[in-house]
Amino acid sequence: VGYQVRFERALGPGTRLLFVTPGVLLRRLQEDPTLPGVGCLILDEVHERDVSTDFVLLVVKQLLLAGCSHLRVILMSATLQADGFVRYFEEALRGSSATGKGESGPGASVEIPCVQVEGRAHPVAVFFLEHALQWAGLQLEQGTRR
């Protein structure tokens with residue numbers, strides 16, 4: 001497992017999983033848009049609509065439209081409105097053989113799997129320094145509290 005963030009990276013010859021920022025991925029797509037050696041592209045927090053993520057989605061869709069069938073794409077988000085992303089990528093899959101069904105062309109049936117995992121909210125308690133000092137049996141000196 002490795003990572004690359006801007007000019008810092010940690011990976012080796014045995015690295016099979018590489019975490020990168022959207023900006024690093026864009027740079028890699030510029031260098032070689034077919035992403036050789038990449039079998040699966042997992043894009044997390046896609047609901048955070050920043051310029052880099054939007055461009056990554058655009059380039060990945062173009063890759064799929066060009067018939068890049070070796071690449072599997074997984075979009076993840078805790079707050080994702082999945083329908084919009086499914087519609088966005090349906091066009092790309094209709095025109096390629098990436099469906100795995102041997103069908104292609106404008107009228108081909110496209111099934112984009114969508115997995116939803118129910119989350120749960122955990123109660124959050126807010127504590128401040130004063131609470132920790134009280135638990136530890138300590139007191140702030142006079143004049144230090146603002």
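**Close-up views of helix H2 and its surroundings**

**View 1. Helix H2 against helix H3.** H2 and H3 pack at an angle of about 35 degrees, and their axes lie 8 Å apart. Axes are lines fitted to C-alpha atoms, for helices over the stretch in contact, and angles run from 0 to 180 degrees between N-to-C directions. From H2, the residues Leu 57, Leu 58, Val 60, Lys 61, Leu 64 and Leu 65 meet Phe 85, Tyr 88, Phe 89, Glu 91 and Ala 92 of H3. Contact means heavy atoms within 4.5 Å. By class, this contact holds nine nonpolar, no polar and two charged residues. Ala, Val, Leu, Ile, Met, Phe, Trp, Tyr, Cys and Pro count as nonpolar; Asp, Glu, Lys and Arg count as charged; the others, Gly among them, count as polar.

The model is predicted: local features need pLDDT of at least 70, side-chain atom pairs count only at pLDDT 80 or more, and totals for chains, interfaces and linings use all residues. Residues are numbered from 1 along each chain as its sequence is written, and side-chain values use heavy atoms, with hydrogens and water left out.

**View 2. The whole protein chain.** The chain has four helices and five strands. Helices (H or I, at least four residues) and strands (E, at least two) are DSSP runs, numbered from the N terminus. Their order from the N terminus is β-β-β-α-β-α-β-α-α. Of the 146 residues, 21% count as buried. Buried means under 20% relative accessible area, exposed over 50%, partly exposed in between (1.4 Å probe, protein chains only). Among contacts between residues at least 6 apart in sequence, 49% join residues at least 24 apart.

View 3. H2 covers residues 51–65, and its 15 residues should span 21 Å at 1.5 Å a residue. The expected span is 1.5 Å times one less than the number of residues. The end C-alpha atoms are 21 Å apart, which agrees. Thr 53, Val 56, Leu 57, Val 60, Lys 61, Leu 63 and Leu 64 are the buried residues of H2. They lie on the same side of H2, because they cover an arc of only 155 degrees around the axis. The arc is that of the directions from the helix axis to the C-beta atoms. These buried residues pack against helix H1 (22–31), strand S4 (40–44), strand S5 (72–76) and helix H3 (82–94).

**View 4. The two ends of H2.** At the start of H2, a side-chain oxygen of Asp 50 comes within 3.2 Å of the backbone nitrogen of Ser 52. Just after H2, Gly 67 has a positive phi of about 95 degrees.

View 5. Lys 61 is buried, at a relative accessible area of 9%. Its side chain reaches the backbone oxygen of Tyr 88 at 3.0 Å. Leaving aside neighbours within four places in sequence, Lys 61 is in contact with Tyr 88, Phe 89, Glu 91 and Ala 92. Thr 53 is also buried, with a relative accessible area of 11%. Not counting residues up to four places away in sequence, Thr 53 touches Pro 22, Val 46 and Glu 48.

View 6. Most residues other than glycine have a negative phi. Arg 6 has a positive phi near 50 degrees. Arg 6 sits in the loop between strand S1 (2–5) and strand S2 (8–10). Arg 6 is exposed, with a relative accessible area of 62%. Leu 35 has a positive phi of about 50 degrees. Leu 35 lies in the loop between H1 and S4. Leu 35 counts as buried, at 1% relative accessibility.

Methods
A polar contact is a pair of N or O atoms within 3.5 Å; within protein, one must be able to donate a hydrogen and the other to accept it, and residues adjacent in sequence count only if both atoms are side-chain atoms.
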